[in-house]
Amino acid sequence: RSFRTGHCYSEQVIADKELHLVVKESKFAMNHKTPKDVHKFFLHNQRRAGDLARAFNRALEDRNVQGVGRIEFVPAYVMQISDAAKDSGFRYVTAERFIPGVYIKFNGNDGFVETAIGGDSAAIAAAFSHFSFDHTDGDELCVDIQGVGTKWTDPQIHSRSKTFGVADHGLDGMRRFFDSHLCSAVCQKLKLRSICRNLRLGEPVEPSQPCVICMSADRVALCQPCRHLC
């Protein structure tokens, strides 16, 4: 479910160069009297997600993980625009630079996880969400990952304290994500901990063993009668 409307905005800042922005505004009747109000409701998620993204990139370096692109969230800002219909003569919106390319929503705040498209970027997005939970010892989970490649925008944090706005679904949102999430090689390389149904952190995720017949797929069948994965 979307809580904001988005609009494209372009302005020529210097000769032969335009600034392309995506401007977003709440669908609900909120009285944004100051930029602080907007920051509280919308930018808190974006900036916290940026902190977690930097921690994810550091973890990739510390673990010497190769072949995984570094991630970033596009910075968002408060913009004051003229509006003759307002008593004040203006209103506040959030704005961020337009990201060119094929835009994909990799996961949502309702448990949705994209598995059909996105390739490596989808696996990185899912691993980042898992990482955010592990990194905060289960206090926060960053979802609603969307954007182009590994450049993302408009995230949502689920937290035990439920302090990240109306889309922060707390423990329920966390459970929904992990009900859908399947760990990838990125989770394994980062040694992220497995997550139990009660959201307790377990042991680091281990690589699955290959099938001894084809050697290219995970083992999924048990031998009878020994019931070993052989």
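Helices and strands are DSSP runs, numbered from the N terminus; a helix has at least four residues and a strand at least two. The model discussed here is a predicted one.

The chain as a whole may be considered before its details. Its secondary structure comprises 4 helices and 12 strands. The chain has 230 residues, and buried residues make up 40% of them. Its accessible surface comes to about 13,500 Å², and 51% of this belongs to carbon and sulfur atoms. Among the contacts with a separation of 6 or more, 53% are between residues 24 or more positions apart.

Is E114 buried or exposed? E114 is buried, and it has no salt bridge. The nearest side chain of opposite charge belongs to K105 and is 10 Å away. A polar atom of the E114 side chain does, however, lie 2.8 Å from the backbone nitrogen of A116. When residues up to four places away in sequence are not counted, E114 touches K105, F106 and A122.

Leaving aside neighbours within four places in sequence, S121 is in contact with F106, G149, T150 and W152. Two of these names, F106 and W152, return in a cluster that ring pairs build from F56, F73, F106, F128, F131 and W152.

The aromatic rings form the next topic. A pair of aromatic rings is described by the distance of the centres and the angle of the planes. A search of the whole structure finds 8 aromatic pairs. In the pair of F56 and F131, the ring centres are 5.4 Å apart and the planes stand at 80°, so the arrangement is edge-to-face, because planes over 60 degrees apart fall into that class. F56 belongs to helix α1 (residues 35-62) and F131 to helix α2 (residues 119-135), so this pair ties together parts that are 75 residues apart in sequence. Both partners can also be described by their accessibility: F56 is buried, with a relative accessible area of 0%, and F131 counts as buried at 7%.

F133 and F178 form another edge-to-face pair, with 5.0 Å from centre to centre and 65° between the planes. Which parts of the chain does the pair of F133 and F178 tie together? F133 lies in helix α2 and F178 in helix α3 (residues 170-180), so the pair ties together parts that are 45 residues apart in sequence. F133 and F178 are buried.

Charged side chains provide a further set of links. Side chains of opposite charge can pair when their charged atoms come close. In this chain the count comes to 9 salt bridges. One of them joins D51 and R54, with 2.6 Å from N to O. These two residues are 3 residues apart in helix α1, and therefore about one helical turn separates them. D51 counts as partly exposed at 37% relative accessibility, and R54 counts as partly exposed at 46%.

A salt bridge also forms between the side chains of D144 and K105, with 2.3 Å from N to O. This pair links distant parts of the chain, for D144 is in the loop between β7 (140-143) and β8 (146-148), while K105 is in strand β6, 39 residues apart. D144 counts as buried at 13% relative accessibility, whereas K105 counts as partly exposed at 36%.

Finally, the side chains of D137 and R193 meet in a salt bridge of 3.0 Å, N to O. D137 lies in the loop between α2 and β7 and R193 in strand β11 (residues 193-195), so the pair ties together parts that are 56 residues apart in sequence. D137 is exposed, with a relative accessible area of 52%, because the exposed class begins over 50%. R193 counts as partly exposed at 25% relative accessibility. Salt bridges that share partners join D134, D137 and R193 into one network.

Terms used. Residues are numbered from 1 along each chain as its sequence is written. This is a predicted model: local features need pLDDT of at least 70, side-chain atom pairs count only at pLDDT 80 or more; totals for chains, interfaces and linings use all residues. Side-chain values use heavy atoms; hydrogens and water are left out. Rings of Phe, Tyr and Trp (its six-membered ring) pair if their centres lie within 6.5 Å; planes under 30 degrees apart count as stacked, over 60 as edge-to-face and the rest as tilted. Buried means under 20% relative accessible area, exposed over 50%, partly exposed in between (1.4 Å probe, protein chains only). Lys and Arg count as positive and Asp and Glu as negative; His and the chain ends are not counted. A salt bridge is a side-chain nitrogen of Lys or Arg within 4 Å of a carboxyl oxygen of Asp or Glu. A polar contact is a pair of N or O atoms within 3.5 Å; within protein, one must be able to donate a hydrogen and the other to accept it, and residues adjacent in sequence count only if both atoms are side-chain atoms. Contact means heavy atoms within 4.5 Å. Accessible areas come from the Shrake-Rupley method with a 1.4 Å probe; for residues, only the protein chains shown count as cover.
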